[in-house]
Amino acid sequence: QLLAMLDRHGIAATFAFVMAFALDEEERRQFPMLDEAKNADDPWLRHYWDSLKAGQGDGWHLPKALEMVRSAGAHEIASHSFCHRPFGDSSLDPAGAAAELAAAEQAARLKQVELKTLVFPRNEVGNLPAVRAAGYLGYRQRLQRRGGRIAALLEEFDTRRRPQPATPAVDGLVPIPPGHFFNWRFGLRKLVPPAVTVARWRGQLERCARDGGVVHLWLHPHNLLTGPGTSSVLSDVLAYVGQLRDARSLDVLTQQEYCERIIAVRVRTLGS
């Protein structure tokens, strides 16, 4: 559904995969990290192993999803780590971060894809030296906000939101503006009228076209299944993105393309 929508509007997107999710049964045997016998004391994977032993393995691995994205031929496949282990400096030590990124790279080689940008699990940004050493160009930043879920819900009614500023590379890594979560029409979020969501994004896109900056829209694909009506609202917003792009009022970039552009600007500046 999402791939068809993006194709209809001629938009390339970034799909950040938990790389273990993309492995078939034979491929998984090549990863000691997934072997319970070798890592029985790993609390992060305990629920995963217990689910498999209980015959509830559906949904943990779906190689077809990555193949669908790759077959579309337009989109970036990015990293969401190997097994979605939180990367915050207080959650994972440097050795653990390096191991997680190395496993993601090994999976990428099996799938014949290159991982150039990273979306941190749970948006916990950390262990940047390990990310840099693994050869990534950039990573999605975390949106800093006050308040919890209710505050986030109330923000969905604010149609005056402005684009975020582009950010220069820091020590060889590009911090990608964090953007905003596209309203998932689930639970209390169903109270947000679709017209308000469309107006909120259209206003931000118009300001971007006029004044510059970055509009970064993201969501989880399952939001289209669990939030009835989310898909049609998203399609309306993407149609407007396409209109502005066709009018040459803005550029549509994947995360990798954004990072490459920021790096190229930096190189030109240094050389001038």
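Biologist: Let's start with R122, is that residue buried or exposed?
Modeller: R122 counts as exposed because its relative accessibility is 53%, where exposed means over 50% relative accessible area, buried means under 20% and partly exposed is in between, computed with a 1.4 Å probe on protein chains only. Please keep in mind that this is a predicted model, in which local features need pLDDT of at least 70, side-chain atom pairs count only at pLDDT 80 or more, and totals for chains, interfaces and linings use all residues. Residues are numbered from 1 along each chain as its sequence is written, and side-chain values use heavy atoms, with hydrogens and water left out.

Biologist: Where does R122 sit, and what is its phi?
Modeller: R122 lies in the loop between β3 (117–118) and α6, and its phi is near 60°, which is a positive value in a residue other than glycine. The element names come from DSSP runs numbered from the N terminus, with helices being H or I runs of at least four residues and strands being E runs of at least two.

Biologist: And S81, where is that, and what about its phi?
Modeller: S81 is in the loop between β2 and α5, and its phi, near 85°, is also positive in a residue other than glycine. S81 is buried, as its relative accessible area is 0%.

Biologist: What else is in that loop between β2 and α5?
Modeller: F87 is found there, and F87 is buried, with a relative accessible area of 0%. D93 is in the loop between β2 and α5 too, but D93 counts as partly exposed because its relative accessibility is 46%.

Biologist: Which residues does F87 touch?
Modeller: Taking contact as heavy atoms within 4.5 Å and leaving aside neighbours within four places in sequence, F87 is in contact with S81, L92, A97, E100, L101, F120, P121, E124, G126 and N127. As for N127, its C-alpha atom is 6.5 Å from that of F87, although the two residues are 40 apart in sequence.

Biologist: On to α5 itself, how does its length work out?
Modeller: Helix α5 covers residues 94–111, and at 1.5 Å a residue its 18 residues should span 26 Å, which agrees with the 26 Å between its end C-alpha atoms; the expected span is 1.5 Å times one less than the number of residues.

Biologist: Which residues of α5 are buried?
Modeller: The buried residues in α5 are G96, A97, E100, L101, A103, A104, A107, A108 and K111. They cover an arc of only 155° around the axis, which puts them on the same side of α5, the arc being that of the directions from the helix axis to the C-beta atoms. An α-helix has 3.6 residues a turn, so residues three or four places apart point the same way.

Biologist: What does that buried side pack against, and what is on the face turned away?
Modeller: The buried residues of α5 pack against α2 (25–28), α4 (63–72), β2 (76–79) and α6 (128–133), whereas the face turned away carries the exposed residues P94, A95 and R109. After α5 comes Q112, which has a positive phi near 60°.

Biologist: You mentioned β2, which strand pairs with it?
Modeller: Strand β1 (residues 14–17) pairs with β2 in the parallel sense over four bridges, and A16 has A78 as its bridge partner in β2. Two strands count as paired if DSSP finds at least two bridges between them.

Biologist: Are the residues of β2 buried or exposed?
Modeller: Both faces of β2 are covered, with E76 and A78 buried on one side and I77 and S79 buried on the other. In a regular strand the side chains alternate between the two faces of the sheet.

Biologist: Changing topic, where is Q255, and what does it touch?
Modeller: Q255 lies in helix α11 (residues 255–271), and Q255 is buried, at 8% relative accessible area. Not counting residues up to four places away in sequence, Q255 touches T14, E76, A78, T117, V119, R140, I176 and H216.

Biologist: Last one, what covers the buried residues of α10?
Modeller: The cover includes α1 (2–8), α8 (194–211), β7 (217–218) and α9 (223–226). Among the buried residues of α10 are T230, V233, L234, V237 and L244, and α10 is followed by R248, whose phi is positive, near 60°.
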